[in-house]
Structure formats: C-alpha cells, structure tokens
Amino acid sequence: MTQDITTPVTRNEDLGGGNHLLEFEAPASMIDDMGSAQFFMIGVPDSDVLLRRPFSVCGLPGTFEDSGPERVQVLYKVYGRGTALLASQKSGAKVTVLGPLGRGFTAPEDPAAVPVIVAGGIGSAPFPLLIEELRRAGRPAPVMFYGARSEADLPLHAWFAERCAAFHPATEDGSLGATGFVTGPLETWRSRNRDVPQEWYVCGPDPMLHAVARVALDD
C-alpha cells in the first residue's frame, strides 16, 4: 500500500562523481510492499523546491551489510536544484517520502535462466535490491554490464563486482573496464551465449536502452 511519510535521514553518503546514497527510516508496512525497480517520490519539507523527485529503491534492510532494520536506501546523482538540495541533507534532517510506486522487476520465469543486468550510470540504482532478491529466491547470480563516461560515473561498481557471477564494466574514457559503450562487451557475451536461457534487466538513458534492445533482438 502506498504511504506518504515524513521521516529522518539516517545517512547521506557522498560516493564521488556527484553520486550519493541516501538512507532513511521507513515503517515495516512500507518496506514489506516494496520491490526492485519500484520508486519513491522524495522531497525536502519547507523548502522552495515544491515538487518531489522520483528515485528508485536501491536497498531495503539486509541489502547492504551496514544498513539497519527499517532502513531504506536510494542512489541518486546531483543534476539540478532538487537533487542538490537533497544532497545537502544531513543525518537527522527530515524528508517527505511517497511510495512504493510503480511496477517492479520480477524473477525470471525459468529458474535456470541467467539474469543479465545492463546498467548505464545512475541507472544502476534499482539493481542492488534486485541482486538481493535473486539471491534470496535461490536464482543464479547475475551477469552484469555497467557502462558510463568514466569510473566516477559507476557508483557502487566494487559492490556489484563482488556479487555478480561476471562483471563487465565499460567506460568511454577507458578509466575502468572496456573502452567505449557498454554494448561492446554485451555484444561479445551475447554472441558466445545465445543458447543459454537468459532474462535481461535494463536501466539507463534512452539511447542505451535502444542500443541494448538491438543487441537482445539480434538473433
């Protein structure tokens, strides 16, 4: 059930490159209804930024080792006034949170299917929770392709690398992984694994989504 709460920030960690991991308290009734790829509308009360911003749920209790009970995390990048205001909120500050909203990911229909994750930059936000959901469901660990302009634009890349069966980063400047777009290593992997049952989960900018769709449909 969707709820609208005002709740304290428990962490607002600067991950570098303008990326932040925000953590706040949430009641069990909200957490129990939340799934990967669903989102919250988050705002700062009594500010001149009137409209709340949408943020994918990144983690629930247990997703990150250092998160406590009734704690929810969202991963975001500072782009404008709204996200800059959010980045300035310290532990104990209040935020308004509306959620859960949207339609989340579902586990692969085939229990043996390899989950394939493709993320572009801050589009990685829904995937920590998805990885945890797959683990709890006893599904295979995912293969992940993670691309952006530079290493600084790949938040939590070390976390993902530790939890995926295979991790393929790509950066346009060559600072981490393959040089170029993430579709390069994705195409190579796809060509070698066409006969393996797969289910793909993709989040990122529109040009990347279209490019990934072409790779997925190129039989």
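Which residue in E6 stands opposite methionine 41? Leucine 98 does.

This is a predicted model, in which local features need pLDDT of at least 70, side-chain atom pairs count only at pLDDT 80 or more, and totals for chains, interfaces and linings use all residues. Residues are numbered from 1 along each chain as its sequence is written, and side-chain values use heavy atoms, with hydrogens and water left out.

**Strand E3 and its partners**

Helices (H or I, at least four residues) and strands (E, at least two) are DSSP runs, numbered from the N terminus. Two strands pair if DSSP finds at least two bridges between them. Strand E3 covers residues 39–43 and is joined by four bridges to strand E4, residues 53–59, in an antiparallel arrangement. In this pairing phenylalanine 39 is opposite serine 56. E3 is also antiparallel to strand E6, residues 94–101, again with four bridges.

**Two loop residues**

Glutamine 38 is in the loop between helix H1 (28–31) and E3. Is this residue buried or exposed? Glutamine 38 has a relative accessible area of 13% and is therefore buried; buried means under 20% relative accessible area, exposed over 50%, and partly exposed in between (1.4 Å probe, protein chains only). Contact means heavy atoms within 4.5 Å. Not counting residues up to four places away in sequence, glutamine 38 touches several residues, among them Ser56, Val57 and Leu101. A polar atom of the glutamine 38 side chain lies 2.9 Å from the backbone oxygen of glycine 102.

Aspartate 110 belongs to the loop between E6 and strand E7 (114–120). Its relative accessibility is 35%, so aspartate 110 is partly exposed. The side chain of aspartate 110 reaches the backbone nitrogen of alanine 112 at 2.9 Å.

**Aromatic pairs**

Rings of Phe, Tyr and Trp (its six-membered ring) pair if their centres lie within 6.5 Å; planes under 30 degrees apart count as stacked, over 60 as edge-to-face and the rest as tilted. The count comes to nine aromatic pairs. Two of them are listed here.

| Pair | Centre distance | Plane angle | Class |
|---|---|---|---|
| Tyrosine 146 and phenylalanine 167 | 6.4 Å | 70° | edge-to-face |
| Tryptophan 159 and phenylalanine 160 | 5.5 Å | 90° | edge-to-face |

Tyrosine 146 is in strand E8 (residues 143–148) and phenylalanine 167 in strand E9 (residues 166–171), 21 residues apart. Tyrosine 146 is buried, at 0% relative accessibility. Tryptophan 159 and phenylalanine 160 are both buried. Ring pairs link Phe64, Tyr146, Trp159, Phe160 and Phe167 into a cluster.

Methods: Polar contact = N/O pair within 3.5 Å; in protein donor to acceptor, adjacent residues only side chain to side chain.
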